[in-house]
Amino acid sequence: MTASKKVLIITYYWPPSGGAGVQRWVKFAKYLPEYGWEPLILTVDPEFAAYPVTDRSQVSEIPSSLKVLTTKATDYFTFYKKDKTKIPSAGFASNTDNSLKGKLMRFIRGNFFIPDPRKGWNRYALQKARELINQHKIENVITTSPPHSTQLIGLKLKKEFPSIKWMADLRDPWTDIYYYNQFYPTLVSKLIDGSYEKEVLRKADRIIVVGESLKQIFSGKVPGADRKISVITNGYDEADFIGEEPEKPSVFTITYVGTLSDIYPIGGFLDALDMFRSEGRRFILQFIGLVSERQKKLLKSKLSDQELVLVPYVDHSESIRYMRGSSVLLLIIPDHSSNKSIITGKLFEYLASFRPVICLGPVDGDPASILKETGHGITTDYTDTKTIGDQLKKLISQNDQPMNQISVFSRSTLTGKLAEVLKS
């Protein structure tokens, strides 16, 4: 049997951190050995990390044979030290504090911590990565972001070790991310950040992204980048969906899993529920995860206590239980000019739950294409209350909806694609 080749994966987010980015690389690391690759993980020590959410259940996902090495970091979120639950996700992107202090904090984030505050890990990670490359004779390195500061580690390693093959995994847009302008970046800051982005795109040997639209965004920034960008979507792990099928809820239950910040338009859907209710239909709308105060206020003004359920962040396995125990799953894409490229990781677990999906977002976006191709749901404009209402009425009177198999999005299959890119 051919010996496995080593690949160093550098990632800031790793269990006990929660989130879709964590699942992506935990699953790749789980299945890479099946394709002849031995992953080594380099990540930040949780004691020094700034995680917006934690999910300790994912620690059990890590194979005992997997080598995970950690380093300390400089925590630029130290003013949240006493209560790490207040560390903002996406580096203040979900911070809706429009007071002078709130705006100032975002300005500091956008102009003094480029590309992001988690760059306090970089010098420690660089030192450890150098040791690992020399010690294990590593020829392949993967950096995954966000945080995009992690890509600067790969950039420096490529300069120091020109012979390594460096793959940059870009899960989200960089300077085109939908919340970028919330940081009030100056022209100088934009130029610095944009230069980092372009240098990564130029110097990486291979680039992987999660969707076709994201590939187009990055391809347009640097000549020739399109030739080295491959699309490997997020996915679902079949092992996470083993077990007895939950009973169908007694009341028609619509579930949204994940963060609901102010940039996720929900008003049109609530108007459709008004019409749904006026026809004597009963329903429950439940949100599993973080909901902004403004959105909570809107939801409570439109729905009764019997119709609305708000559940704080739960671990990954529990979130799947909620998905599988629903009548319909609600997906909302942020309302932004780049939203065609946004493919949330939970979409694929929605598919694997085999529950119909209603997606609010661009009807010509990547999520809409996936739902159409798989037959697992529909996509409507945020304010198309008639289509939303018609779909709800159809689903409440329909016992089972025919759905296509989705094995192309299984984590094992996707890891096979990653292995092919690594070999190229």
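Tutor: Partly exposed here means a relative accessible area between the limits for buried (under 20%) and exposed (over 50%), with a 1.4 Å probe and protein chains only. By that scale lysine 393 is partly exposed at 27%, and glutamate 279 is partly exposed at 43%. The model is predicted, so local features need pLDDT of at least 70 and side-chain atom pairs count only at pLDDT 80 or more, while totals for chains, interfaces and linings use all residues. Residues are numbered from 1 along each chain as its sequence is written, and side-chain values use heavy atoms, with hydrogens and water left out.

A salt bridge is a side-chain nitrogen of Lys or Arg within 4 Å of a carboxyl oxygen of Asp or Glu. The whole structure holds 30 of them. One of these joins lysine 393 and glutamate 279, with the closest N and O atoms 3.4 Å apart. Lysine 393 sits in helix α12 (residues 385-396) and glutamate 279 in the loop between α7 (267-278) and β9 (284-288), so the pair ties together parts 114 residues apart in sequence. Helices (H or I, at least four residues) and strands (E, at least two) are DSSP runs, numbered from the N terminus.

Another salt bridge links arginine 130 to glutamate 160 at 2.6 Å, N to O. Arginine 130 belongs to helix α3 and glutamate 160 to helix α4 (residues 149-160), so this pair connects parts that are 30 residues apart in sequence. Both are partly exposed, arginine 130 at 29% and glutamate 160 at 38%.
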